[in-house]
Amino acid sequence: MKYTLSVLVENQPGVLSKVAGLFARRGFNIDSLAVGVTEHPEISRMTIVVNGDEYIVEQVEKQLNKVIPVIKVKVLQPEAFISRELSLIKVNCNTKQRLEIMQIAQLMNAGIVDVTTNSLTLQLAATAEETETCIALLHPFGIKEICRAGTIALEKGSGVTAPSGKK
């Protein structure tokens, strides 16, 4: 099963390396990792997706809490968070196929960000499942290249992952 962790860390050099090193030392695989600054410039949020069982996630959470620059770790509960990943998908395309690919892009809420005589590049911000669906629909045209960013996630509703004392 996949688990999504929201990890608040101090925004300083070397933190990503410490967290990734922790996973490597423990033999845990990271399916997805995205890092960005939060509403507080001194704090970054890491969204980490791991595949495993409850025991592995519990161990990951305990180990992360021991890393000095880690401020807070929260395992997001399934169906209680919103997640997206950004993808760029470059597809083979001739004049006859262009309209059909544009219709798929519209259906999947993807934007067309580059057009050449023999390719279209789509930008998609969607769930991992929606991204896989889009890729499957575009596959028959011949995918030239895919670039997928890591998953980002926030809790649904008014709940927040915030460090103590910050709102």
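## The annotated ACT domain

An unreviewed UniProt entry annotates residues 4–78 as "domain: ACT". The model examined here is predicted. Within the annotated span, 33% is helix and 41% is strand.

## Chain overview

The chain has 167 residues, and 41% of them are buried. Its secondary structure amounts to 4 helices and 9 strands. In sequence order the elements run β-α-β-β-α-β-β-α-β-β-α-β-β.

Along the principal axes, the C-alpha atoms occupy a box of roughly 55 × 35 × 30 Å.

Four strands make an open sheet, ordered β2-β3-β1-β4. Their pairing is antiparallel. The edges are taken by β2 (30–37) and β4 (70–76). Each of these two has a single partner strand, so one side of each has no neighbour in the sheet. On average, neighbouring strands in this sheet are turned by 15 degrees against each other, with direction ignored.

The pairing of β2 with β3 (residues 43–51) is antiparallel and involves 7 bridges. A hairpin of 5 residues connects β2 to β3.

## Helices on the sheet

Two helices lie across strands of this sheet. Helix α1 (residues 15–26) lies across β1 (2–10), β2, β3 and β4. Its direction is at about 20 degrees to β3. Helix α2 (residues 54–66) lies across β1, β3 and β4. The angle between α2 and β4 is about 165 degrees.

Helix α1 contains 12 residues. From first C-alpha to last, α1 spans 17 Å, close to the 16 Å expected at 1.5 Å a residue. After α1 comes Gly27, with a positive phi near 75 degrees.

## The buried side of α1

Which residues of α1 are buried? They are Val15, Val19, Gly21, Leu22 and Phe23. An α-helix has 3.6 residues a turn, so residues three or four places apart point the same way. Val15, Val19 and Leu22 are among the buried residues of α1. The buried set packs against β1, β2, β3 and β4, and also against α2.

Phe23 also takes part in an aromatic pair. The count for the model is 1 aromatic pair. The ring centres of Phe23 and Phe28 are 6.5 Å apart and their planes stand at 75 degrees, so the pair is edge-to-face. Phe23 and Phe28 are both buried.

Most residues other than glycine have a negative phi. Two loop residues are of interest here. Glu79 is not a glycine, yet its phi is positive, at about 70 degrees. Glu79 sits in the loop between β4 and β5 (81–92). Its relative accessibility is 71%, so Glu79 counts as exposed.

Asn109 is also a residue other than glycine with a positive phi, near 60 degrees. Asn109 belongs to the loop between α3 (95–107) and β6 (111–115). Is Asn109 buried or exposed? Asn109 counts as exposed because its relative accessibility is 68%.

## Thr121 in strand β7

Thr121 lies in strand β7 (residues 119–126). Its relative accessible area is 9%, so Thr121 is buried; the cut-off for burial is under 20%.

What does Thr121 contact, leaving aside its neighbours within four places in sequence? The partners are Ile89, Lys90, Gly111, Ile112, Val113 and Asp114. Strand β5 covers 81–92, and strand β6 covers 111–115. Ile89 and Lys90 thus fall within the range of β5. Gly111, Ile112, Val113 and Asp114 fall within the range of β6.

Technical notes. Residues numbered from 1 in each chain as written. Predicted model: local features only at pLDDT ≥ 70, side-chain atom pairs only at ≥ 80, totals over all residues. Heavy atoms only, no water. UniProt positions renumbered as here; feature names shortened; annotations may be inferred. Phe/Tyr/Trp six-rings, centres within 6.5 Å; stacked < 30°, edge-to-face > 60°. Buried < 20%, exposed > 50% of the residue type's maximum accessible area, 1.4 Å probe, protein only. Pairing = 2+ DSSP bridges. Axes fitted to C-alpha atoms, helices over the stretch in contact; angles between N-to-C directions. Contact = heavy atoms within 4.5 Å. Expected span 1.5 Å × (residues − 1).
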